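This briefing is meant for a reader who is meeting the structure for the first time. Please look over the sequence and the model below, and then follow the points topic by topic.

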Amino acid sequence: MESHSHMHREQSHSHEHSHDHQGHSHDHGHGPCTGHGIDADNGVEGELDHLRTVLTAFTYYKTHALKRNHRRRHDYLSLPEHHKRLIPDLLDKINQVDRCIEKNMVLLKDIVKCAGMFMGIDPRVLVAEGARAKQKGGELPVTPMDMDKVQSTLKQFVRDWSEEGKAERDATYGPILEELNAIYSDIALEDRGRIRVLVPGAGLGRLAYDITRSGFSCQGNEFSFFMLLASNLILNRAAESGQYEIYPFVHSFSNIRSSAQQLTPIRIPDIVPSNLPSTADFSMAAGEFVEVYGDDKARHGTWDVVVTCFFIDTAANVLSYIETIHQILKPGGKWINIGPLLYHYEDMAGESSVELSLEEVKRVSCEIGFEFENEKTVNTTYTSNPQSMLKYVYESAFWTATKI
């Protein structure tokens with residue numbers, strides 16, 4: 001899988017940002033990594049801390065999830081006998097969820113195991129350090145937020161690498177791929193490798209992979225180790241389609257239409273990410289978008305297209321994102337965007353945040369030097385359970401803008 005195993009670290013990354021409102025979120029980090037080891041002498045202690053937290057969260061997922069599920073068992077057994085007789089199957093379902101959690105752990109163990117080769121470290125050492133540092137009085141060395149992020153990662157696998165996620169991908173990635181193919185319709189697939197496309201906030205890498213499969217040279221940029229380590233497994237280690245059986249929707253019993261649907265396995269990946277055009281390059285770069293691309297003047301004016309998918313609202317200052325996108329594009333380069341404005345740092349303690357309306361985002365972008373075209377609204381979900389009684393639908397803004 002050499003065609004896309006060249007991941008490289010561009011910058012240190014020390015925190016993950018996500019936004020979760022009442023159980024809905026779009027969690028995206030920013031970028032894949034390297035075969036180089038982590039050099040603590042290069043001022044990356046923050047990166048090591050974040051990596052330690054992520055590896056510890058993956059490792060303790062099963063213990064935490066089983067403990068939470070056992071509370072359901074306890075609550076069932078505490079019911080009056082005549083109520084238990086009305087729902088005799090519930091205890092069996094709770095026991096089945098234990099087995100589903102075990103299946104999820106098979107995937108997460110492989111993510112942790114592959115992290116060693118990926119990062120040039122022994123993940124067991126970092127997890128042991130994390131456990132010692134955080135474990136108090138018999139409590140698990142992970143926070144509820146850590147576990148939310150692990151569960152979000154499982155849902156990201158559905159979105160990016162399952163047959164069940166295809167409808168969501170078609171709604172969200174489809175317009176981007178159609179636009180790219182329309183813009184470069186006069187260039188044959190074998191000649192598209194000279195067109196360089198950047199996807200910041202690439203998550204688990206499916207969009208960047210699909211863009212490369214269309215013939216373009218594409219680099220994904222990712223910031224979160226939750227995403228980086230998980231994408232490394234799928235992009236570089238997946239041996240066959242359907243290799244893993246996961247159950248991402250067993251952690252909540254709310255808004256479930258049927259237990260059978262909730263306990264149905266989802267198999268990933270739907271395809272083995274290989275067979276890319278030999279004329280196109282595919283890579284992933286780790287680090288914070290503005291630091292990696294905006295602060296490096298050698299990268300300015302070098303990209304033909306920047307694709308932002310559910311990304312611009314991850315900024316503490318969206319103006320810096322827009323400015324950086326403009327700087328790194330070639331004259332006449334294209335910015336393709338799709339997504340809402342669910343600002344991740346809004347109301348986050350200790351973080352500054354600038355939130356603009358869609359109208360203001362467009363006005364500022366024009367002043368910075370973009371000309372908008374092909375604007376529309378696309379209704380999309382984000383890592384939603386296709387069978388749930390509750391879905392959050394974003395009226396996502398889609399546009400193509402040209403650097404003038």
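A nonpolar core is a set of buried Ala, Val, Leu, Ile, Met, Phe, Trp, Tyr and Cys residues joined through side-chain atoms within 4.5 Å. In this predicted model, the largest nonpolar core has 81 residues, and those with the most contacts inside it are F157, V197, I211 and L229. Helix α4, spanning residues 90–119, gives the most to this core, contributing 11 residues, while a second, separate core of 27 residues includes A285, Y321, F370 and F372.

**Overall make-up**

- The chain contains 13 helices and 12 strands, and buried residues make up 56% of its 404 residues.
- Among the contacts in the chain with a separation of 6 or more, 79% are between residues 24 or more positions apart.
- The accessible surface of the chain comes to about 17200 Å², and carbon and sulfur atoms account for 49% of that surface.

**Confidence in the model**

- The average pLDDT of the chain is 88, and 87% of the residues score at least 70.
- Over residues 1–6 the pLDDT stays under 50, and the model has 17 contacts beyond four places in sequence for these residues.
- Residues 28–43 also have a pLDDT below 50, and this stretch has 75 contacts in the model beyond near neighbours in sequence.
- Where pLDDT is low, the predicted coordinates should not be read in detail.

**Strand β12 and its partners**

- Strand β12 covers residues 394–403, and because 9 of its 10 residues are buried, it is largely enclosed by the rest of the structure.
- Strand β10, made up of residues 329–339, pairs with β12 in the antiparallel sense over 6 bridges, and W335 has A401 of β12 as its bridge partner.

**Salt bridges**

- The count of salt bridges comes to 18, and side chains of opposite charge can pair when their charged atoms come close.
- R206 and D210 meet through their side chains in a salt bridge of 3.2 Å, N to O, and because they are 4 residues apart in helix α8 (residues 206–213), about one helical turn separates them.
- R206 counts as buried at 4% relative accessibility, and D210 is buried as well, with a relative accessible area of 10%.
- E245 and R267 form a salt bridge between their side chains at 2.9 Å, N to O; E245 lies in strand β6 (residues 244–246) and R267 in strand β7 (residues 266–268), so the pair ties together parts that are 22 residues apart in sequence.
- In that pair E245 counts as buried at 17% relative accessibility, whereas R267 is partly exposed, with a relative accessible area of 43%.
- K330 and D304 form a salt bridge between their side chains at 3.1 Å, N to O; since K330 lies in strand β10 and D304 in strand β9 (residues 303–309), the pair ties together parts that are 26 residues apart in sequence.
- K330 counts as partly exposed at 28% relative accessibility, whereas D304 counts as buried at 13%.
- Salt bridges that share partners join R169, R206, D210, R213 and D270 into one network.

Methods:
Residues numbered from 1 in each chain as written. Predicted model: local features only at pLDDT ≥ 70, side-chain atom pairs only at ≥ 80, totals over all residues. Heavy atoms only, no water. Buried < 20%, exposed > 50% of the residue type's maximum accessible area, 1.4 Å probe, protein only. Helix = DSSP H or I, 4+ residues; strand = E, 2+ residues; numbered from the N terminus. Pairing = 2+ DSSP bridges. pLDDT = per-residue confidence, 0-100. Contact = heavy atoms within 4.5 Å. Areas by Shrake-Rupley, 256 points an atom, 1.4 Å probe, with all protein chains shown as cover. Salt bridge = Lys/Arg side-chain N within 4 Å of Asp/Glu carboxyl O.
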